[in-house]
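Here's a quick briefing to read alongside the model. Keep the 3D view open and find each piece as it comes up.

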Amino acid sequence: MPNSTDQTRRDFLKKITIMAGGTTLLATQSKLQMINSALAADYSGVQDYKSLVCIFLAGGNDSLNMFPPYETAAYQNYQNVRQRLRIPRDQLLPISDNSRAFHPSMEAVRDLYDQSRLCVLGNVGNLLQPLSRAQYLAAEAGDSSIRVPQGLFSHSHQQEIWQTNRTPAVSTPPGWGGLLADLLNPANGASELPPTTSLTGNNLWQTGQSTQPVKINGSGIRNFEYLRQGTWPAWQSGRIDTWEDILALNRNHVLEQQMASSFLTTQRRIALLQEALSSAPEIQTEYPSPNVNNLANNLRMVARLISAREALGLKRQIFFIQYGPWDTHGDQLSDHANLLATLNEAMNIFYQTTIELEVADSVTTFTASEFGRTATSNGDGTDHGWGGDQLIMGGAVKGGQVHGVLPDITPGSIDDSGAAGRVIPTIAVDQYGATLAKWMGVADNDLNALFPNLNQFALRDLGFMN
(Lines give C-alpha, C1' and ligand atoms only; values in the text may rest on other atoms or scores of the structure.)
Protein backbone atom coordinates (compact mmCIF):
# COMPACT_ATOMS: atom_id res chain seq x y z
CA MET A 1 0.00 0.00 0.00
CA PRO A 2 1.50 3.41 -0.98
CA ASN A 3 2.31 5.73 1.89
CA SER A 4 0.82 9.20 2.35
CA THR A 5 3.96 10.94 1.09
CA ASP A 6 3.70 9.11 -2.26
CA GLN A 7 0.06 10.08 -2.54
CA THR A 8 0.96 13.71 -1.82
CA ARG A 9 3.60 13.71 -4.55
CA ARG A 10 1.13 12.30 -7.09
CA ASP A 11 -1.49 14.85 -6.10
CA PHE A 12 1.07 17.61 -6.42
CA LEU A 13 2.14 16.55 -9.93
CA LYS A 14 -1.49 16.24 -10.96
CA LYS A 15 -2.15 19.79 -9.79
CA ILE A 16 0.77 21.09 -11.86
CA THR A 17 -0.72 19.45 -14.95
CA ILE A 18 -4.21 20.75 -14.32
CA MET A 19 -3.34 24.27 -13.27
CA ALA A 20 -0.56 25.07 -15.73
CA GLY A 21 -3.00 26.70 -18.06
CA GLY A 22 -1.03 29.48 -19.63
CA THR A 23 2.26 28.24 -21.00
CA THR A 24 2.02 24.92 -22.85
CA LEU A 25 3.66 23.08 -25.69
CA LEU A 26 0.78 24.09 -27.90
CA ALA A 27 1.70 27.73 -27.39
CA THR A 28 5.38 27.19 -28.15
CA GLN A 29 4.53 25.23 -31.29
CA SER A 30 2.03 27.79 -32.56
CA LYS A 31 2.05 28.36 -36.29
CA LEU A 32 -0.93 30.63 -36.65
CA GLN A 33 -0.07 33.44 -34.16
CA MET A 34 -3.18 35.35 -35.13
CA ILE A 35 -2.51 38.32 -32.89
CA ASN A 36 0.66 39.07 -34.81
CA SER A 37 -1.02 38.83 -38.18
CA ALA A 38 -0.79 41.90 -40.35
CA LEU A 39 -4.47 41.37 -41.16
CA ALA A 40 -5.65 41.60 -37.56
CA ALA A 41 -6.95 44.86 -36.15
CA ASP A 42 -5.15 46.52 -33.26
CA TYR A 43 -7.00 45.79 -30.01
CA SER A 44 -4.41 47.22 -27.65
CA GLY A 45 -6.29 50.48 -27.19
CA VAL A 46 -9.52 48.99 -25.83
CA GLN A 47 -10.85 51.07 -22.93
CA ASP A 48 -14.20 49.51 -22.01
CA TYR A 49 -14.81 46.19 -20.25
CA LYS A 50 -16.68 43.19 -21.69
CA SER A 51 -16.90 39.49 -20.93
CA LEU A 52 -18.52 36.38 -22.36
CA VAL A 53 -19.75 33.53 -20.17
CA CYS A 54 -20.41 30.24 -22.00
CA ILE A 55 -22.60 27.65 -20.26
CA PHE A 56 -22.15 24.46 -22.27
CA LEU A 57 -25.08 22.06 -21.78
CA ALA A 58 -23.19 18.86 -22.48
CA GLY A 59 -25.18 15.90 -23.75
CA GLY A 60 -27.73 17.66 -25.95
CA ASN A 61 -30.43 19.82 -24.39
CA ASP A 62 -34.03 19.14 -25.40
CA SER A 63 -34.94 22.73 -26.22
CA LEU A 64 -38.29 21.61 -27.64
CA ASN A 65 -39.42 21.13 -24.05
CA MET A 66 -37.37 24.04 -22.72
CA PHE A 67 -39.16 26.45 -25.06
CA PRO A 68 -42.17 24.72 -26.69
CA PRO A 69 -44.95 26.21 -28.82
CA TYR A 70 -47.88 27.79 -27.00
CA GLU A 71 -50.12 29.10 -29.79
CA THR A 72 -53.08 26.72 -30.01
CA ALA A 73 -52.48 25.07 -33.40
CA ALA A 74 -48.70 24.87 -32.94
CA TYR A 75 -49.12 23.41 -29.47
CA GLN A 76 -51.52 20.78 -30.81
CA ASN A 77 -48.92 19.68 -33.34
CA TYR A 78 -46.24 19.64 -30.61
CA GLN A 79 -48.55 17.51 -28.44
CA ASN A 80 -49.21 15.07 -31.26
CA VAL A 81 -45.50 14.70 -32.04
CA ARG A 82 -44.19 14.52 -28.47
CA GLN A 83 -47.03 12.39 -27.09
CA ARG A 84 -46.19 11.29 -23.53
CA LEU A 85 -43.22 13.69 -23.36
CA ARG A 86 -45.32 16.79 -23.94
CA ILE A 87 -45.52 19.44 -21.22
CA PRO A 88 -49.21 20.15 -20.46
CA ARG A 89 -50.18 23.51 -21.89
CA ASP A 90 -51.69 24.76 -18.64
CA GLN A 91 -48.33 24.24 -16.90
CA LEU A 92 -46.27 26.23 -19.40
CA LEU A 93 -45.06 29.78 -18.82
CA PRO A 94 -46.08 31.74 -21.94
CA ILE A 95 -44.16 34.74 -23.26
CA SER A 96 -46.01 38.01 -23.81
CA ASP A 97 -47.30 37.29 -27.33
CA ASN A 98 -48.42 33.73 -26.42
CA SER A 99 -46.55 32.23 -29.37
CA ARG A 100 -44.10 30.21 -27.29
CA ALA A 101 -43.62 29.35 -23.64
CA PHE A 102 -40.93 28.34 -21.22
CA HIS A 103 -40.83 25.07 -19.31
CA PRO A 104 -42.52 25.34 -15.88
CA SER A 105 -39.09 24.98 -14.21
CA MET A 106 -37.90 28.24 -15.81
CA GLU A 107 -40.00 30.98 -14.25
CA ALA A 108 -37.04 33.27 -13.48
CA VAL A 109 -35.71 32.90 -17.03
CA ARG A 110 -39.17 33.69 -18.42
CA ASP A 111 -39.24 36.81 -16.25
CA LEU A 112 -35.81 37.89 -17.55
CA TYR A 113 -37.15 37.37 -21.07
CA ASP A 114 -40.20 39.54 -20.32
CA GLN A 115 -37.87 42.20 -18.84
CA SER A 116 -35.88 42.21 -22.13
CA ARG A 117 -32.79 40.90 -20.36
CA LEU A 118 -32.79 37.55 -22.17
CA CYS A 119 -33.57 36.35 -25.68
CA VAL A 120 -33.92 33.03 -27.46
CA LEU A 121 -31.94 32.15 -30.57
CA GLY A 122 -33.97 29.64 -32.53
CA ASN A 123 -32.73 26.47 -34.24
CA VAL A 124 -28.94 26.80 -33.96
CA GLY A 125 -26.56 24.00 -34.88
CA ASN A 126 -23.42 22.86 -36.61
CA LEU A 127 -23.48 23.73 -40.32
CA LEU A 128 -20.81 24.16 -42.98
CA GLN A 129 -23.28 25.74 -45.41
CA PRO A 130 -27.03 26.44 -45.47
CA LEU A 131 -28.87 23.14 -45.88
CA SER A 132 -32.35 22.25 -47.05
CA ARG A 133 -33.90 18.84 -46.52
CA ALA A 134 -33.42 18.04 -50.21
CA GLN A 135 -29.75 18.98 -50.06
CA TYR A 136 -29.16 16.94 -46.92
CA LEU A 137 -30.81 13.86 -48.43
CA ALA A 138 -28.77 14.34 -51.61
CA ALA A 139 -25.58 14.48 -49.54
CA GLU A 140 -26.63 11.32 -47.73
CA ALA A 141 -27.12 9.70 -51.15
CA GLY A 142 -23.55 10.56 -52.13
CA ASP A 143 -23.52 14.10 -53.53
CA SER A 144 -20.05 15.25 -52.43
CA SER A 145 -20.64 18.85 -53.56
CA ILE A 146 -22.88 19.41 -50.51
CA ARG A 147 -20.99 19.91 -47.26
CA VAL A 148 -22.46 18.28 -44.16
CA PRO A 149 -20.75 18.19 -40.74
CA GLN A 150 -19.03 14.90 -39.97
CA GLY A 151 -20.33 12.59 -37.27
CA LEU A 152 -23.82 14.04 -36.96
CA PHE A 153 -25.65 12.89 -33.82
CA SER A 154 -22.35 11.86 -32.16
CA HIS A 155 -21.61 13.62 -28.87
CA SER A 156 -17.84 13.77 -29.30
CA HIS A 157 -17.85 14.85 -32.94
CA GLN A 158 -20.53 17.49 -32.52
CA GLN A 159 -18.97 18.93 -29.35
CA GLU A 160 -15.65 19.24 -31.16
CA ILE A 161 -17.20 20.87 -34.23
CA TRP A 162 -19.29 23.24 -32.07
CA GLN A 163 -16.29 24.37 -30.06
CA THR A 164 -13.88 24.70 -32.99
CA ASN A 165 -16.10 25.35 -36.04
CA ARG A 166 -13.77 23.06 -37.93
CA THR A 167 -14.00 19.49 -39.18
CA PRO A 168 -12.33 17.10 -36.73
CA ALA A 169 -8.75 16.43 -37.78
CA VAL A 170 -5.84 14.26 -36.69
CA SER A 171 -4.44 17.14 -34.66
CA THR A 172 -7.07 18.90 -32.59
CA PRO A 173 -7.75 22.39 -33.97
CA PRO A 174 -7.96 25.45 -31.73
CA GLY A 175 -11.35 26.54 -30.44
CA TRP A 176 -13.01 29.74 -31.54
CA GLY A 177 -13.15 30.98 -27.95
CA GLY A 178 -9.38 30.49 -27.74
CA LEU A 179 -8.78 32.23 -31.06
CA LEU A 180 -10.98 35.07 -29.84
CA ALA A 181 -8.73 35.27 -26.77
CA ASP A 182 -5.62 35.31 -28.99
CA LEU A 183 -7.06 38.22 -30.91
CA LEU A 184 -8.25 40.25 -27.92
CA ASN A 185 -5.35 39.53 -25.58
CA PRO A 186 -3.60 42.85 -26.45
CA ALA A 187 -6.62 44.62 -24.94
CA ASN A 188 -5.45 43.32 -21.55
CA GLY A 189 -2.08 45.03 -21.85
CA ALA A 190 0.68 43.60 -19.71
CA SER A 191 -1.60 41.44 -17.55
CA GLU A 192 0.00 38.14 -16.51
CA LEU A 193 -3.32 36.37 -17.03
CA PRO A 194 -4.89 35.27 -20.33
CA PRO A 195 -8.45 36.42 -21.16
CA THR A 196 -9.81 32.86 -20.73
CA THR A 197 -10.78 31.07 -17.51
CA SER A 198 -12.36 27.62 -17.32
CA LEU A 199 -14.41 26.61 -14.30
CA THR A 200 -14.69 22.98 -15.46
CA GLY A 201 -11.25 21.90 -16.59
CA ASN A 202 -10.00 21.32 -20.10
CA ASN A 203 -12.11 22.28 -23.09
CA LEU A 204 -11.47 22.74 -26.79
CA TRP A 205 -13.44 25.97 -27.00
CA GLN A 206 -10.90 28.03 -25.01
CA THR A 207 -7.80 26.43 -26.51
CA GLY A 208 -6.04 29.09 -28.53
CA GLN A 209 -2.83 29.20 -30.50
CA SER A 210 -1.01 31.66 -28.27
CA THR A 211 -3.21 31.73 -25.15
CA GLN A 212 -4.40 28.92 -22.91
CA PRO A 213 -7.07 29.17 -20.20
CA VAL A 214 -6.45 29.29 -16.48
CA LYS A 215 -8.36 26.39 -14.91
CA ILE A 216 -9.90 26.83 -11.49
CA ASN A 217 -13.16 25.79 -9.83
CA GLY A 218 -15.98 27.37 -7.91
CA SER A 219 -14.62 26.28 -4.54
CA GLY A 220 -11.70 28.67 -4.70
CA ILE A 221 -8.06 28.85 -5.72
CA ARG A 222 -5.69 26.62 -3.83
CA ASN A 223 -2.04 27.55 -3.63
CA PHE A 224 0.85 25.18 -4.27
CA GLU A 225 0.73 24.17 -0.63
CA TYR A 226 2.80 21.04 -1.18
CA LEU A 227 5.92 23.11 -1.81
CA ARG A 228 5.41 25.88 0.71
CA GLN A 229 7.35 26.38 3.92
CA GLY A 230 5.41 25.39 7.00
CA THR A 231 3.21 22.73 5.43
CA TRP A 232 5.70 19.93 5.83
CA PRO A 233 7.76 19.21 8.98
CA ALA A 234 10.85 21.39 9.28
CA TRP A 235 13.16 18.47 8.51
CA GLN A 236 11.56 18.25 5.07
CA SER A 237 12.07 21.91 4.19
CA GLY A 238 15.18 20.94 2.25
CA ARG A 239 12.88 19.49 -0.40
CA ILE A 240 11.50 22.95 -1.06
CA ASP A 241 14.96 24.44 -1.43
CA THR A 242 15.98 21.60 -3.75
CA TRP A 243 12.91 22.07 -5.94
CA GLU A 244 13.56 25.79 -6.28
CA ASP A 245 17.17 25.06 -7.23
CA ILE A 246 15.95 22.62 -9.88
CA LEU A 247 13.63 25.22 -11.36
CA ALA A 248 16.47 27.73 -11.53
CA LEU A 249 18.79 25.45 -13.53
CA ASN A 250 19.75 26.33 -17.10
CA ARG A 251 18.39 23.74 -19.54
CA ASN A 252 19.03 22.87 -23.14
CA HIS A 253 16.10 20.46 -23.52
CA VAL A 254 12.90 22.16 -24.67
CA LEU A 255 10.63 19.88 -22.60
CA GLU A 256 12.57 20.62 -19.42
CA GLN A 257 12.43 24.34 -20.19
CA GLN A 258 8.70 24.07 -20.78
CA MET A 259 8.03 22.20 -17.52
CA ALA A 260 9.91 24.72 -15.41
CA SER A 261 8.34 27.65 -17.23
CA SER A 262 4.82 26.19 -16.84
CA PHE A 263 5.27 25.69 -13.12
CA LEU A 264 6.64 29.16 -12.49
CA THR A 265 4.01 30.82 -14.69
CA THR A 266 1.24 28.96 -12.89
CA GLN A 267 2.69 29.93 -9.50
CA ARG A 268 2.68 33.59 -10.46
CA ARG A 269 -0.84 33.42 -11.86
CA ILE A 270 -2.28 31.66 -8.84
CA ALA A 271 -0.65 34.20 -6.53
CA LEU A 272 -2.03 37.05 -8.64
CA LEU A 273 -5.54 35.59 -8.60
CA GLN A 274 -5.48 34.99 -4.86
CA GLU A 275 -4.27 38.50 -4.14
CA ALA A 276 -6.85 40.10 -6.44
CA LEU A 277 -9.75 38.04 -5.06
CA SER A 278 -8.78 38.73 -1.47
CA SER A 279 -9.06 42.48 -2.11
CA ALA A 280 -12.23 42.31 -4.25
CA PRO A 281 -15.53 43.38 -2.68
CA GLU A 282 -17.57 40.59 -1.13
CA ILE A 283 -20.56 39.55 -3.27
CA GLN A 284 -23.81 40.27 -1.44
CA THR A 285 -26.19 38.34 -3.71
CA GLU A 286 -27.17 35.15 -1.92
CA TYR A 287 -26.19 31.89 -3.62
CA PRO A 288 -27.34 28.33 -2.84
CA SER A 289 -24.98 25.73 -1.41
CA PRO A 290 -22.64 24.11 -3.97
CA ASN A 291 -24.23 20.78 -3.02
CA VAL A 292 -27.58 22.16 -4.15
CA ASN A 293 -26.51 24.05 -7.28
CA ASN A 294 -22.89 23.69 -8.35
CA LEU A 295 -23.55 25.56 -11.60
CA ALA A 296 -24.52 28.60 -9.53
CA ASN A 297 -21.41 28.07 -7.41
CA ASN A 298 -19.21 28.19 -10.53
CA LEU A 299 -21.02 31.30 -11.75
CA ARG A 300 -20.37 32.91 -8.38
CA MET A 301 -16.65 32.40 -8.95
CA VAL A 302 -17.05 33.96 -12.41
CA ALA A 303 -18.68 36.95 -10.73
CA ARG A 304 -15.79 37.20 -8.24
CA LEU A 305 -13.26 37.17 -11.07
CA ILE A 306 -15.24 39.87 -12.87
CA SER A 307 -15.30 41.94 -9.69
CA ALA A 308 -11.48 41.67 -9.56
CA ARG A 309 -11.02 42.68 -13.22
CA GLU A 310 -9.29 45.99 -12.46
CA ALA A 311 -6.83 44.42 -10.02
CA LEU A 312 -6.11 41.74 -12.62
CA GLY A 313 -5.68 44.31 -15.39
CA LEU A 314 -8.29 42.69 -17.65
CA LYS A 315 -10.49 44.51 -20.17
CA ARG A 316 -11.72 41.32 -21.86
CA GLN A 317 -12.60 38.05 -20.11
CA ILE A 318 -14.00 34.80 -21.54
CA PHE A 319 -15.37 32.14 -19.19
CA PHE A 320 -16.42 28.52 -19.77
CA ILE A 321 -18.60 26.29 -17.58
CA GLN A 322 -19.78 22.84 -18.63
CA TYR A 323 -22.94 21.55 -17.02
CA GLY A 324 -24.75 18.27 -17.57
CA PRO A 325 -25.37 15.56 -18.60
CA TRP A 326 -28.35 16.47 -20.76
CA ASP A 327 -28.44 13.14 -22.61
CA THR A 328 -32.06 12.37 -21.74
CA HIS A 329 -32.70 9.00 -23.42
CA GLY A 330 -34.84 7.94 -20.45
CA ASP A 331 -36.74 9.45 -17.50
CA GLN A 332 -36.72 12.70 -19.44
CA LEU A 333 -39.70 14.44 -17.88
CA SER A 334 -38.22 14.34 -14.37
CA ASP A 335 -34.51 14.57 -15.23
CA HIS A 336 -34.94 17.42 -17.70
CA ALA A 337 -37.13 19.37 -15.28
CA ASN A 338 -34.40 19.13 -12.62
CA LEU A 339 -31.67 20.20 -15.05
CA LEU A 340 -33.71 23.18 -16.22
CA ALA A 341 -34.52 24.19 -12.65
CA THR A 342 -30.80 24.28 -11.84
CA LEU A 343 -30.04 26.29 -14.98
CA ASN A 344 -32.94 28.67 -14.26
CA GLU A 345 -31.79 29.40 -10.71
CA ALA A 346 -28.12 29.78 -11.64
CA MET A 347 -28.68 32.11 -14.58
CA ASN A 348 -31.06 34.32 -12.62
CA ILE A 349 -28.77 34.63 -9.58
CA PHE A 350 -25.80 35.37 -11.80
CA TYR A 351 -27.66 38.10 -13.67
CA GLN A 352 -28.71 39.68 -10.36
CA THR A 353 -25.03 39.62 -9.34
CA THR A 354 -24.02 41.48 -12.50
CA ILE A 355 -26.52 44.16 -11.49
CA GLU A 356 -24.95 44.28 -8.01
CA LEU A 357 -21.50 44.67 -9.58
CA GLU A 358 -22.84 47.27 -12.05
CA VAL A 359 -21.61 45.27 -15.05
CA ALA A 360 -24.91 43.90 -16.40
CA ASP A 361 -24.45 45.73 -19.72
CA SER A 362 -20.87 44.44 -20.02
CA VAL A 363 -21.43 40.72 -19.35
CA THR A 364 -23.18 38.42 -21.83
CA THR A 365 -24.03 34.87 -20.78
CA PHE A 366 -25.03 32.36 -23.44
CA THR A 367 -25.87 28.66 -23.60
CA ALA A 368 -24.57 26.11 -26.04
CA SER A 369 -25.13 22.39 -26.60
CA GLU A 370 -23.73 19.98 -29.16
CA PHE A 371 -27.20 19.31 -30.57
CA GLY A 372 -30.91 19.32 -29.77
CA ARG A 373 -33.09 16.22 -29.37
CA THR A 374 -35.49 14.38 -31.64
CA ALA A 375 -39.03 15.73 -31.74
CA THR A 376 -40.32 12.18 -31.49
CA SER A 377 -40.07 10.15 -28.31
CA ASN A 378 -38.24 6.85 -27.88
CA GLY A 379 -40.78 5.93 -25.21
CA ASP A 380 -39.45 7.58 -22.08
CA GLY A 381 -36.98 10.02 -23.56
CA THR A 382 -35.53 11.42 -26.76
CA ASP A 383 -32.60 10.61 -29.01
CA HIS A 384 -29.83 12.75 -30.47
CA GLY A 385 -31.08 15.53 -32.72
CA TRP A 386 -29.46 18.43 -34.56
CA GLY A 387 -30.77 22.01 -34.34
CA GLY A 388 -31.84 23.50 -31.02
CA ASP A 389 -32.69 26.80 -29.28
CA GLN A 390 -30.20 28.70 -27.11
CA LEU A 391 -30.51 31.36 -24.40
CA ILE A 392 -28.58 34.64 -24.39
CA MET A 393 -28.68 36.87 -21.29
CA GLY A 394 -27.37 40.30 -20.37
CA GLY A 395 -28.04 44.00 -20.38
CA ALA A 396 -26.67 44.37 -23.93
CA VAL A 397 -28.92 41.63 -25.33
CA LYS A 398 -31.95 42.52 -27.45
CA GLY A 399 -34.14 40.62 -25.04
CA GLY A 400 -37.81 39.73 -25.05
CA GLN A 401 -37.46 38.40 -28.60
CA VAL A 402 -37.02 35.15 -30.48
CA HIS A 403 -34.27 35.63 -33.04
CA GLY A 404 -34.28 33.28 -35.99
CA VAL A 405 -36.88 31.10 -37.66
CA LEU A 406 -38.43 28.37 -35.54
CA PRO A 407 -38.79 25.10 -37.47
CA ASP A 408 -41.63 22.72 -38.26
CA ILE A 409 -41.04 19.79 -35.90
CA THR A 410 -43.43 17.44 -37.71
CA PRO A 411 -41.55 14.23 -38.58
CA GLY A 412 -40.75 14.16 -42.29
CA SER A 413 -41.45 17.88 -42.68
CA ILE A 414 -39.42 20.24 -44.82
CA ASP A 415 -37.24 21.00 -41.76
CA ASP A 416 -36.60 17.36 -40.79
CA SER A 417 -33.40 15.59 -41.79
CA GLY A 418 -35.25 12.26 -41.81
CA ALA A 419 -38.43 10.99 -40.21
CA ALA A 420 -37.77 11.35 -36.46
CA GLY A 421 -37.84 15.12 -36.09
CA ARG A 422 -34.07 15.68 -36.22
CA VAL A 423 -34.46 19.31 -37.22
CA ILE A 424 -31.94 20.79 -39.65
CA PRO A 425 -30.52 24.02 -38.18
CA THR A 426 -31.31 27.31 -39.89
CA ILE A 427 -28.62 29.23 -37.96
CA ALA A 428 -24.98 28.13 -37.91
CA VAL A 429 -22.73 28.18 -34.87
CA ASP A 430 -20.41 30.38 -36.98
CA GLN A 431 -23.13 33.05 -37.12
CA TYR A 432 -23.89 32.69 -33.40
CA GLY A 433 -20.23 33.04 -32.45
CA ALA A 434 -19.55 35.86 -34.91
CA THR A 435 -22.37 37.94 -33.43
CA LEU A 436 -20.94 37.48 -29.93
CA ALA A 437 -17.39 38.17 -31.13
CA LYS A 438 -18.50 41.35 -32.87
CA TRP A 439 -20.08 42.56 -29.62
CA MET A 440 -16.76 41.82 -27.87
CA GLY A 441 -15.17 44.30 -30.26
CA VAL A 442 -13.76 42.08 -33.01
CA ALA A 443 -13.48 43.90 -36.34
CA ASP A 444 -15.53 42.47 -39.20
CA ASN A 445 -12.39 41.69 -41.22
CA ASP A 446 -11.11 39.43 -38.42
CA LEU A 447 -14.29 37.36 -38.13
CA ASN A 448 -13.40 35.09 -41.04
CA ALA A 449 -10.24 33.92 -39.29
CA LEU A 450 -12.34 32.93 -36.27
CA PHE A 451 -15.22 31.42 -38.23
CA PRO A 452 -14.06 29.75 -41.45
CA ASN A 453 -17.57 28.98 -42.71
CA LEU A 454 -19.05 32.42 -42.05
CA ASN A 455 -18.96 33.56 -45.69
CA GLN A 456 -21.29 30.69 -46.60
CA PHE A 457 -24.16 32.44 -44.81
CA ALA A 458 -26.03 35.61 -45.72
CA LEU A 459 -26.09 37.05 -42.18
CA ARG A 460 -22.80 37.66 -40.39
CA ASP A 461 -24.53 39.45 -37.51
CA LEU A 462 -27.77 37.90 -36.25
CA GLY A 463 -28.82 41.12 -34.54
CA PHE A 464 -29.46 39.82 -31.01
CA MET A 465 -26.90 42.18 -29.43
CA ASN A 466 -27.34 45.92 -28.97
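Helix H5 (residues 107–114) packs against helix H13 (residues 332–356) at an angle of about 45 degrees, and their axes are 7 Å apart. Axes here are lines fitted to C-alpha atoms, for helices over the stretch in contact, with angles running from 0 to 180 degrees between N-to-C directions. This is a predicted model, where local features need pLDDT of at least 70, side-chain atom pairs count only at pLDDT 80 or more, and totals for chains, interfaces and linings use all residues. Residues are numbered from 1 along each chain as its sequence is written, and side-chain values use heavy atoms, leaving out hydrogens and water.

**More on H5 and H13**

- H5 and H13 are therefore oblique to each other (under 35 degrees counts as roughly parallel, over 145 as roughly antiparallel, 65 to 115 as roughly perpendicular, and the rest as oblique).
- On the H5 side, Glu107, Ala108, Val109 and Leu112 meet Asn344, Asn348, Tyr351 and Gln352 of H13 (contact means heavy atoms within 4.5 Å).
- Helices (H or I, at least four residues) and strands (E, at least two) are DSSP runs, numbered from the N terminus.

- S8 is largely enclosed by the rest of the structure, because six of its six residues are buried (buried is under 20% relative accessible area, exposed over 50%, partly exposed in between, using a 1.4 Å probe and protein chains only).
- In a regular strand, side chains alternate between the two faces of the sheet.
- In S8, Val363, Thr365 and Thr367 point one way, while Thr364, Phe366 and Ala368 point the other.
- Strand S1 (residues 50–57) pairs with S8 in the parallel sense over six bridges (pairing needs at least two DSSP bridges between the strands), and leucine 52 sits opposite threonine 364 in S8.
- S8 and strand S9 (residues 388–393) run antiparallel, joined by two bridges; threonine 365 has methionine 393 in S9 as its bridge partner.

**Helix H14**

- H14 (residues 429–439) is mostly covered, with 10 of its 11 residues buried, including Tyr432, Leu436 and Trp439.
- After H14 comes glycine 441, with a positive phi near 110 degrees.

**How confident is the model?**

- The protein chain averages a pLDDT of 89, and 87% of the residues score at least 70 (pLDDT is the predictor's confidence in each residue, from 0 to 100).
- Confidence is highest in S8 (residues 363–368), at 99, and lowest in helix H2 (residues 25–28), at a mean of 35.
- Over residues 1–38, pLDDT stays under 50.
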